[in-house]
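Please look at the structure first.

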Amino acid sequence: MINENRDVGTDIIRFHRIITRSLKIVIQNVNRFLEIEAIEKQKREGFLKYIQTFSTVMDAHHILENERIFPYYRDKLPDAPYDRLMTQHKWIKTSLSEINNGIKNLKSNSDELESLNLLKTSLKQIDKIWHPHMRIEEEQIYERVGSLNPGPEENNTLKEEFSQFFGEHAEPAYLTVPFMLYNLSPEDRAIIAQGFPEVVTKKLVPIDWKDKWKPMQPFLL
Ligand SMILES: [Fe+2]
Ligand SMILES: [Fe+2]
């Protein structure tokens with residue numbers, strides 16, 4: 001049964017893949033736009049939505065870890081370097097604020113090259129921190145969650161609490177939900193989709209919300 005593939009640890013490891021992929025895609029595109037000295041016209045709306053959603057989703061993930069996940073596992077998996085990880089979240093947050101400023105400038109059509117360069121520098125900072133950061137979390141926390149043997153009830157309660165908390169910090173859902181689903185491989189997407197109510201995956205994403213997130217499609221899987 002597919003459901004056996006999911007606990008809090010495996011869910012977050014899959015979530016990290018969303019961030020890893022979208023970080024790669026925003027870096028590639030910023031570099032490409034810098035080469036041609038502007039954002040391609042037909043990709044502009046979609047790219048701004050995509051990078052804005054990347055920033056929101058990454059920030060919400062760190063708020064979730066700081067305020068819910070780390071406090072929950074601190075006693076249960078005491079060897080993980082929680083304080084160091086939270087310091088790294090702070091560094092990333094600083095770069096995400098710069099990215100948000102860059103996006104604001106691009107939207108107001110102020111100096112395009114300067115804004116793209118600001119994005120490039122901030123993304124580089126994040127890229128330097130993200131990969132080792134995520135590996136520490138996975139090795140020292142998320143891959144060990146299974147060994148704590150949470151019963152199915154505890155597992156479900158936690159998954160629900162964490163995804164609700166994340167959702168409250170990751171608005172608007174009409175962008176963040178399709179962003180999450182379609183930065184994942186079909187196999188991972190099918191598993192993560194189980195965490196959403198059917199109305200979200202069968203109706204809202206493919207029908208009601210489609211026009212809003214469609215511009216991001218060139219960047220999605
Ligand atoms: Fe983290
Ligand atoms: Fe994380």
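Q: Which residues does Phe54 touch, not counting residues up to four places away in sequence?
A: This is a predicted model, in which local features need pLDDT of at least 70, side-chain atom pairs count only at pLDDT 80 or more, and totals for chains, interfaces and linings use all residues. Residues are numbered from 1 along each chain as its sequence is written, while chains are lettered from A and ligands numbered from 1 in the order in which they are written. Contact means that two C-beta atoms, placed from the backbone, lie within 7 Å. By that test, Phe54 touches Ser22 and Val26.

Q: How many residues does the largest nonpolar core have?
A: A nonpolar core is a set of buried Ala, Val, Leu, Ile, Met, Phe, Trp, Tyr and Cys residues joined through C-beta atoms within 7 Å. Buried means 20 or more other C-beta atoms within 10 Å of the residue's own, exposed means 12 or fewer, and partly exposed lies in between, with C-beta atoms placed from the backbone. Val30, Tyr50, Ile51, Phe54, Val57, Met180 and Leu181 have the most contacts inside the largest core. Its size is 43 residues.

Q: Which helix gives the most to this core?
A: Helices (H or I, at least four residues) are DSSP runs, numbered from the N terminus. At least two core residues come from each of H1 (8–36), H2 (44–73), H3 (82–107), H4 (112–142), H5 (152–169) and H6 (173–181). The most, 9 residues, come from H2.

Q: Are H3 and H4 roughly parallel or roughly antiparallel?
A: Axes are lines fitted to C-alpha atoms, for helices over the stretch in contact, and angles run from 0 to 180 degrees between N-to-C directions. The axes of H3 and H4 are 9 Å apart, at an angle of about 155°. Angles over 145 degrees count as roughly antiparallel, under 35 as roughly parallel, 65 to 115 as roughly perpendicular and the rest as oblique. So H3 is, relative to H4, roughly antiparallel.

Q: How many nonpolar, polar and charged residues has the contact of H3 with H4?
A: Among the residues that meet are Leu85, Trp91 and Glu98 in H3, and Ser115, Leu119 and His133 in H4. Ala, Val, Leu, Ile, Met, Phe, Trp, Tyr, Cys and Pro count as nonpolar, Asp, Glu, Lys and Arg as charged, and the others, Gly among them, as polar. The contact has 10 nonpolar, 9 polar and 3 charged residues.

Q: Is Val205 buried or exposed?
A: Val205 is found in helix H8. Leaving aside neighbours within four places in sequence, Val205 is in contact with Val177, Pro178, Leu181 and Val200. Because Val205 has 20 C-beta neighbours inside 10 Å, it counts as buried.

Q: Is Asp208 buried or exposed?
A: Asp208 is found in helix H8, residues 198–208. Asp208 has 12 other C-beta atoms within 10 Å, so it is exposed.

Q: What is the phi of Glu37?
A: Glu37 is in the loop between H1 and H2. With 9 C-beta neighbours inside 10 Å, Glu37 counts as exposed. Its phi is positive in a residue other than glycine, near 65°.

Q: What is the phi of Asn149?
A: Asn149 is in the loop between H4 and H5. Asn149 is not a glycine, yet its phi is positive, at about 50°.

Q: What is omega for the peptide bond from Glu171 to Pro172?
A: Pro172 is in the loop between H5 and H6. The bond from Glu171 to Pro172 is cis, with omega near -5°.
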